[in-house]
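Here is a short report on one protein model.

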Amino acid sequence: MTSAALALPPQRALLATLADRVSRLPSLLLLIDTVGAIGFAGGLAGAVATVAAGSSDVAGWIALMLVAGAVRGGASMASLRTGARDAAETKKALRRDVVVALFRPLAGDGMTGATLTSAVDEVEAVDGYVARFLPARRAAAIAPILVCGAIAFASPIAAIILLLTLLPFIAAMALAGGAAAAESKRQFEALARLSIRFADRLRALPVILAFGAVERETAGIAAASDAVAARTMRVLRVAFLSSASLEFFAALSVALVAVYAGFNLLGLLPAAVPEHLTLGRAFFALALAPEFYAPMRRLAAAYHDRQAAETASARLDAVIAAQAPAAPHWARDCDGPPRVTFDRVTIRYPETDVAVVSDFSLDVAAGEIVALEGRSGCGKSSLLHLLLGLVPATAGRIGIDGAWLPEHASMARIAAWSGQNPLLLAGTIAENIALSDPSAARHAIEQAATRAGLAPALALRAQGIDTDLDALGSGLSGGERRRIGLARAILKPAPLLLLDEPTAHLDAAAETAMIDTIRRACIGRTVLIATHSPALAAIADRIIRMDTI
């Protein structure tokens, strides 16, 4: 990010960075379009003057008009295409940055809809800013000067008339722009809230159905939709007002130039002026006068894109800036099960006053199985998350085989993980197991599923391990979900195994079978198990009571 961008308010930092990085080619093509307009006006004025003089030798002027028209059409089309290409590349890079940020520690706010809005809708709002507004803004700073300069060669007074009409136009646009900015911001925020609410309610649809809240939630979404529609209409009213003021001053400038040129040609001006126009010069000034406001019309048409991008960029900046740095991975290889050392570790989550883990020390021997017991909230899961780089240590340090890890480091590369709520993605059971090792061979995936105790469940499904799952894992029991998570941990040839409540909410028979599977999976690894289950803790070499430390 440039120093200029860093000096700007947060909501403008991203836009300033985009403005610095985006190509100037679309703006240059719009300036070529303006030059083509000057050439077209010159050809038209020359042809009219030639015919008025009684000559039919207008081929050269017509050729100039055709060439200038082709230049205008080609430049305009090329500007749109290059702007769209730049916007696509910008959105791709920005969406990658946002998604990377959301996968870092402390990512998001726990709301699926907010995450979806950041990664999709708010990034999409940058499209019009890059594709249309930036080229129009740059061209609007130069193109009117080119047009006014060309008109000044034919009629300096006509050029002065155009400049004088520009002053009240700027004042009107400033007032309308301020109103449009406020309304656009409120409208975009209301739309974002609606997207968040809809996505989160859709995700919670089974709960809504179970509690008979369909009508209430439907009414709430409908009311939010009506509010967005009302705000959209307010934005459109302000946009129409802005457009009307632009058209008024554009029409006024052309009318004044037409009146002046006509009276000058007829010699009917009420006061003496230091120029006498010919038909060709007068027609050239009149034909080119509408082009003086054309760049500003483009800018006004794209102004809403700027407002939407400015509102979205404030939210995107917050998402990216709020994330912790990506955790560096432990780069050393382990010849066997590692020794893990916690030295006076403290974990305190952001915006909380009390540490979830305070001054915790533990030395886990290589190949040892340690069970972490204690009440909910005592920090068992947080210690496992700390090893994976998902939460930062406020104080203390972690060692592997006697070497201290860098700050915020992650041992995910040498660790296999199974949580109490395994993440399931849309795809087959085999694909879900292979998340821990995408390069694993088919027979290795099947063997991991068998070792995790999935064979009876797969036998009941026609497609077996190739059974398709949706993102909710519909049709799977809680035990089957955990066995898929455990199969992932078995598949990954990692010397460190981390298990977070792998038997929670299972009945006695299922827990017994799961414990037997876990016992076999622990062979040859250093293992940390967070659990409330005395039966599971019994397989450990040592039990640590977290709530007594």
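A salt bridge here is a side-chain nitrogen of Lys or Arg within 4 Å of a carboxyl oxygen of Asp or Glu. The model is predicted. Across the whole structure, a search finds 16 salt bridges.

**Salt bridges**

Three of these pairs are listed below.

| Pair | N to O distance | Location |
|---|---|---|
| D33 and R72 | 3.1 Å | helix α3 and helix α4 |
| R442 and E446 | 2.9 Å | helix α14 |
| R520 and D516 | 2.4 Å | helix α17 |

The pair D33 and R72 links distant parts of the chain. D33 sits in helix α3 (residues 25–52), and R72 sits in helix α4 (residues 59–102). The two are 39 residues apart. Their surroundings can be read from the accessible area. D33 has 7% relative accessibility, so D33 counts as buried, the cut-off being under 20%. R72 has a relative accessible area of 22% and is partly exposed.

R442 and E446 both lie in helix α14 (residues 442–451). They are four residues apart, about one turn of the helix. R442 is partly exposed at 39% relative accessibility, and E446 is partly exposed at 35%.

R520 and D516 both belong to helix α17. They too are four residues apart, about one turn of the helix. R520 is partly exposed, with 38% relative accessibility. D516 is partly exposed as well, with 33%.

Is I518 buried or exposed? I518 has a relative accessible area of 0%, so this residue is buried. Leaving out residues up to four places away in sequence, I518 touches L486, L499, P502, T503, L536 and I539.

Four strands form an open sheet. Their order is β2-β1-β4-β5, and the pairing is antiparallel. The edge strands are β2 (357–364) and β5 (403–404), each of which pairs on one side only. Helix α12 (residues 380–387) packs on the sheet. This helix touches β1, β2 and β4. The direction of α12 makes about 115 degrees with that of β1.

Inside the sheet, β1 (residues 340–347) pairs with β4 (residues 395–400) over five bridges, in the antiparallel sense. Across this pairing, F342 stands opposite I398 in β4. In general, strands of a sheet pair through backbone hydrogen bonds.

**A nonpolar surface patch**

Six names make up a nonpolar patch on the surface: V259, F263, L265, L266, L268 and L279. Together they have about 530 Å² of accessible area. Which helix gives the largest share of the patch? Helix α9 (residues 214–266) does, with four residues. L279 is placed in helix α10 (residues 279–301). The relative accessible area of L279 is 35%, so L279 is partly exposed.

Technical notes
Residues numbered from 1 in each chain as written. Predicted model: local features only at pLDDT ≥ 70, side-chain atom pairs only at ≥ 80, totals over all residues. Heavy atoms only, no water. Pairing = 2+ DSSP bridges. Contact = heavy atoms within 4.5 Å. Axes fitted to C-alpha atoms, helices over the stretch in contact; angles between N-to-C directions. Buried < 20%, exposed > 50% of the residue type's maximum accessible area, 1.4 Å probe, protein only. Patch = residues over 30% accessible without salt bridge, like charges linked within 9 Å, V, L, I, M, F, W, Y side chains within 5 Å. Areas by Shrake-Rupley, 256 points an atom, 1.4 Å probe, with all protein chains shown as cover.
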